[in-house]
Amino acid sequence: MSSTAYAGPWTSLPTTLTSWILDVIQSMGHERMTPVQSATIPLFMKHKDVVVEAVTGSGKTLAFVIPVLEKLIRRENKLRKNDIGALIITPTRELATQIYGIFTMFLAAQPRPLTEDPGPSTSQYPPPLLLISSSQSSPAQDIERFLSTGADIVIGTPGRIEEFLLGKGQFVVNVKELDVLVLDEADRLLDLGFQVTLTKIITHLPKQRRTGLFSATMTDALSELVRVGLRNPSRITVQVQVKGEGGSNGSSDKKGRVIEEQRIPASLQNYCVSCLASEKTVQLSRIISHEVQKQQSSQFIVYFATCACVDHFYHVLPGLLPSGTKLHSLHGHLSPSARTRTLTAFSEAISTPASPSVLLCTDVAARGLDLPHVDVVIQYDPPTDPKAFSHRCGRTARAGRSGRAYVLLVGREVEYVGKSILLSFSISEW
Ligand SMILES: Nc1ncnc2c1ncn2[C@@H]1O[C@H](COP(=O)(O)OP(=O)(O)OP(=O)(O)O)[C@@H](O)[C@H]1O
């Protein structure tokens, strides 16, 4: 966000935040709230259900992490070992892992009682529990971990959560004390066909709870989920307003300038490149070389339509990109542990213009992933869905940083995909 896009300081919230929570926020360097945080946290704390739509990279995660923790801290009765207090459901294991990391960081900072033995059992709030498919954890092991440490906050993907609450864990996990349910990237959960699973989970949870739906893109299909899972929710929509001299979809401000509402961050520059199909790979390598030389860019994400394309280009591109470029590949046909390794390697790589890092991936890496140093997103294959377009672009230009996104269009794509995307987002020809 540009400096003007920030809302008030954290101390201006109607509910005073717990001091150790505030300390963690400050240690992250976040001096002020983002607009979505200042709009959402008070409502959640006032026991309202919320449906939140805000552009990529605008800080939606802390907009639910903070109220979940504060609600837990403010409980009159401490949760027992087999109770859970909050449930966060996300569409991908990568996003679940990222959110788990944030809750873990907060809970690790809680003050410990003064005792000789500073082991984890002395913490007032146990560590969160992550429920995703992985080689280290089966549904039975999930239950074992839960039984050994307890967990007030559970984060996971829908299948594993269903197994945990309604399968193996049915007689072990008590949901009666649950305060908060969060569905992150809620529209994607439905796109992936989880409606039935979600309805089963929601029906199993107590009615006396608060529910939040979060995404950068909401769809009409969500109304059924809202009907089943939420009570009289408040809708929060944070879009970016761009002032210009003219335009078609905007309202006017007092000076007569047109205010257009955008679904992508203001600090993101979007370009489209129309070319012949046979030129696409050359164009990709041209964009990367241009970015490295002219913009000093060092971290790139390139989206392809299929897992096979990612594998193909992982083998073909080394000869075509600037020497020193490190390639990483991520798609749904890789094993969970290989996906974790790739993401860690990419996010921890020391990237410089002389040694750039390029993540080649499918839409498995389109949503929610916070890789703050990505300079450039390139869509080698355009998405069929304009929603995916904004989520992919949104992997760069996060939290006010600048970033550029390119989409390659060939033949009739210019006519069909291009038009709908060009009309919805402000894109220049490159
Ligand atoms: N108040 C704040 N001030 C500055 N930076 C912040 C603040 N809150 C969050 N951030 C940072 O902004 C980045 C994006 O946050 P987050 O991942 O929550 O975005 P998001 O809205 O969920 O995006 P997406 O829709 O892509 O999932 C993160 O790196 C986060 O640390």
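The model is predicted, so local features need pLDDT of at least 70 and side-chain atom pairs count only at pLDDT 80 or more, while totals for chains, interfaces and linings use all residues. Residues are numbered from 1 along each chain as its sequence is written, and side-chain values use heavy atoms, with hydrogens and water left out.

- The chain is assigned domain 1 (10-238) and domain 2 (265-429), with bounds that come from an automatic or database domain assignment.
- The centres of domain 1 and domain 2, taken over C-alpha atoms, are 30 Å apart.
- Their contact (heavy atoms within 4.5 Å) takes 19 residues from domain 1 and 19 residues from domain 2.
- About 1500 Å² is buried between domain 1 and domain 2, and carbon and sulfur atoms give 52% of that area; buried area is the accessible area (1.4 Å probe) that two parts lose on being put together, summed over both.

**Helix α12**

- Helices (H or I, at least four residues) and strands (E, at least two) are DSSP runs, numbered from the N terminus.
- Helix α12 (residues 336-348) has 13 residues and should span 18 Å at 1.5 Å a residue, which agrees with the 18 Å between its end C-alpha atoms; the expected span is 1.5 Å times one less than the number of residues.
- Ala338, Arg339, Thr342, Leu343 and Phe346 are the buried residues of α12. They cover an arc of only 130 degrees around the axis, so they sit on the same side of α12; the arc is that of the directions from the helix axis to the C-beta atoms.
- Arg341 and Glu348, on the other side of α12, are exposed. Here buried means under 20% relative accessible area, exposed over 50%, and partly exposed in between (1.4 Å probe, protein chains only).
- The cover over the buried residues of α12 includes α4 (93-108), β12 (299-303), β13 (326-330) and β14 (357-361).

**A closer look at Thr342**

- Thr342 lies in helix α12 and counts as buried because its relative accessibility is 13%.
- Beyond its neighbours within four places in sequence, Thr342 is in contact with His328, Ser329, Leu330 and Leu359.

**Cysteines**

- The structure holds zero disulfides, a disulfide being a pair of cysteine sulfur atoms within 2.5 Å.
- For Cys272, the closest cysteine sulfur is in Cys275, 10 Å away and therefore too far for a bond. Cys272 is buried, with a relative accessible area of 3%.
- For Cys361, the closest cysteine sulfur is in Cys307, at 11 Å, again too far for a bond. Cys361 is buried, with a relative accessible area of 0%.
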